[in-house]
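Please keep the sequence and the structure in view while reading.

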Amino acid sequence: MVETNIKKERTLIAGVELATDIIDIDNSMDELKELVKAAGGVVIARVTQRKDRIDPAYFIGRGKALEIKNYCQELEINTVVFNDELSGAQLRNLEKVIDKKIVDRTNLILDIFANRATSKEGKLQVKLAQLKYRLPRLVGFRDYLSREGGGIGTRGPGEQKLETDRRHILREINQIEKALKEAEKTRNIKRKRRKDSNLPIVALVGYTNAGKSTLLNHIIRMSEEYDESKKVFVYDMLFATLDTSLRRGQLPNGQYFLITDTVGFVSKLPTHLIEAFKGTLEEVRFADLILHVVDASNEDLDIQVQTTVDILKDLEVLDKPIITVFNKMDKVGVNHLLYDSRYVNKKIFISSKNGTDLDGLLQLIQDNLPIKYKGVVLLIPYDNQSLVNYFLENYKVNYIEYKEDGTEIGLNINLNDYEKYSTYIVRTFK
């Protein structure tokens, strides 16, 4: 199938199907097409090849590479994107045969991240991953990076690195790593403040485009203190948002909690990117509860779930309470997942698009948070106004009573760390 769009970078995507592949080649290539779209290109054609093993010199084989060259000439293709990571030699050899810009899946994802990262730390993390990826491929990159026009695969460090040597790149990597360590100190300070607030933290994780950001917006909209400006960006595209978002939500019992969104996962996520974004992904480690958001309508649901589980395993967080949230149920005719024994975690079926069963999700979050809230009545000395202000800012205070003689203040409040303030407790209730 041929698509035309002269305004975007015209791209051919190519992949190899091996007998050992878990992901269906057509679905994998469909995902690659979406990645190209997210990078600002348009797929004009696709080429796949069944092989017993990867060609060490040309990845897809010299004969198929020549076939791709002909397609590029006939269809006016600018860029060829391969569905796997290429070595420096493969990049160089394919570039010489096809005589077009060659981009592999890893560099494509890095390119998307370079274009989407907005925070200073996020930009540093992406640049670090790009430099580590490009370091062993300097020779292969010299040819196509020198072509005019830039585009997919050339953002970030880009053409300015053509004249730099290995030593300079290593020095820049070292500088970025130092800057990220400083950023980590700031992140640790903020994390300590969140911990001191005693508000539980819920982390959203899952495959890219599973609907995490839409779900986050719905949850904060259900809070009494909802502010339209707190909404996060939502777009039906892979990696629409990269930087971690932290917002306040509210449980059915009136208590507030923090909910954090994380970068979406994808199959064959580059090792460089996982390493570079561990500083951001480690926020999951400090969560009290994890919501694993799954696109229930996706044909590769099982593979996407396993991809996410594998990354959570690498982060060593599988021992935390996890709720599997099957999203986009508005697209699923029959709930075939309801009794699927493979999903052993607590699960719920929702639609973040139309708000189906979000009340049930909030109740499930409340029931599964390891910190159990209890209602308490506190009697606080009148001269300790700072403590009263603390409760008003961080907890759901049902009502306040003042003693007529002005010596004490009574608070009816839902509290999780009531033992910490046992000096002031009059009674507790569930």
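The model is predicted: local features need pLDDT of at least 70, side-chain atom pairs count only at pLDDT 80 or more, and totals for chains, interfaces and linings use all residues. Residues are numbered from 1 along each chain as its sequence is written, and side-chain values use heavy atoms, with hydrogens and water left out.

**The parallel sheet**

Helices (H or I, at least four residues) and strands (E, at least two) are DSSP runs, numbered from the N terminus. Two strands pair if DSSP finds at least two bridges between them. In the order 2-1-3-4, 4 strands form an open sheet with parallel pairing. Its edges are strand 2 and strand 4, each of which pairs on one side only. From one strand to the next, the twist averages 25 degrees. Such angles run from 0 to 180 degrees between N-to-C directions, and the axes are lines fitted to C-alpha atoms, for helices over the stretch in contact.

Strand 3 pairs with strand 1 over 4 bridges in the parallel sense, and it pairs with strand 4 over 4 bridges, also in the parallel sense. The table lists individual residues that face each other in these pairings.

| Residue | Opposite residue | Strand named for the pair |
|---|---|---|
| Val-80 | Ile-102 | strand 4 |
| Phe-82 | Asp-104 | strand 4 |

Are the two faces of strand 3 covered or uncovered? Both are covered: Thr-79 and Val-81 on one side, and Val-80 and Phe-82 on the other, are all buried. Here buried means under 20% relative accessible area, exposed means over 50%, and partly exposed lies in between (1.4 Å probe, protein chains only).

Strand 3, helix 3 and strand 4 together make a right-handed β-α-β unit. A crossover is right-handed if, with the strands pointing away from the viewer, the path from the first strand over the helix to the second runs clockwise. Helix 3 lies across strand 3 and strand 4 and runs at about 145 degrees to strand 4.

**Helix 2**

Helix 2 (residues 62-75) has 14 residues and reaches 20 Å from its first C-alpha to its last, close to the expected 20 Å. The expected span is 1.5 Å times one less than the number of residues. Lys-64, Ala-65, Ile-68, Cys-72 and Leu-75 of this helix are buried. Seen down the axis of helix 2, the buried residues fall within an arc of 100 degrees, so they line one face of the helix. The arc is that of the directions from the helix axis to the C-beta atoms. On the other side of helix 2, Gly-63, Gln-73 and Glu-74 are exposed.

What do the buried residues of helix 2 pack against? Their partners are strand 1 (9-17), strand 2 (41-50), strand 3 (79-82) and helix 3 (88-98). Contact means heavy atoms within 4.5 Å.

**Loop residues**

Most residues other than glycine have a negative phi, and most peptide bonds are trans. Glu-76 has a positive phi of about 55 degrees although it is not a glycine. Glu-76 lies in the loop between helix 2 and strand 3, and it counts as exposed because its relative accessibility is 57%. Asp-99, likewise not a glycine, has a positive phi of about 60 degrees. Asp-99 is placed in the loop between helix 3 and strand 4 (101-104), and its relative accessible area of 44% makes it partly exposed.

Leu-18 lies in the loop between strand 1 and helix 1 (25-38). Its C-alpha atom is separated by 6.7 Å from that of Arg-53, which is 35 residues apart along the chain. Leaving aside neighbours within four places in sequence, Leu-18 is in contact with Lys-51, Asp-52, Arg-53 and Ile-54.

In the order 6-7-5-8-9-10, 6 strands form an open sheet whose pairing is mixed. The edge strands are strand 6 (245-250) and strand 10 (346-349), each pairing on one side only.
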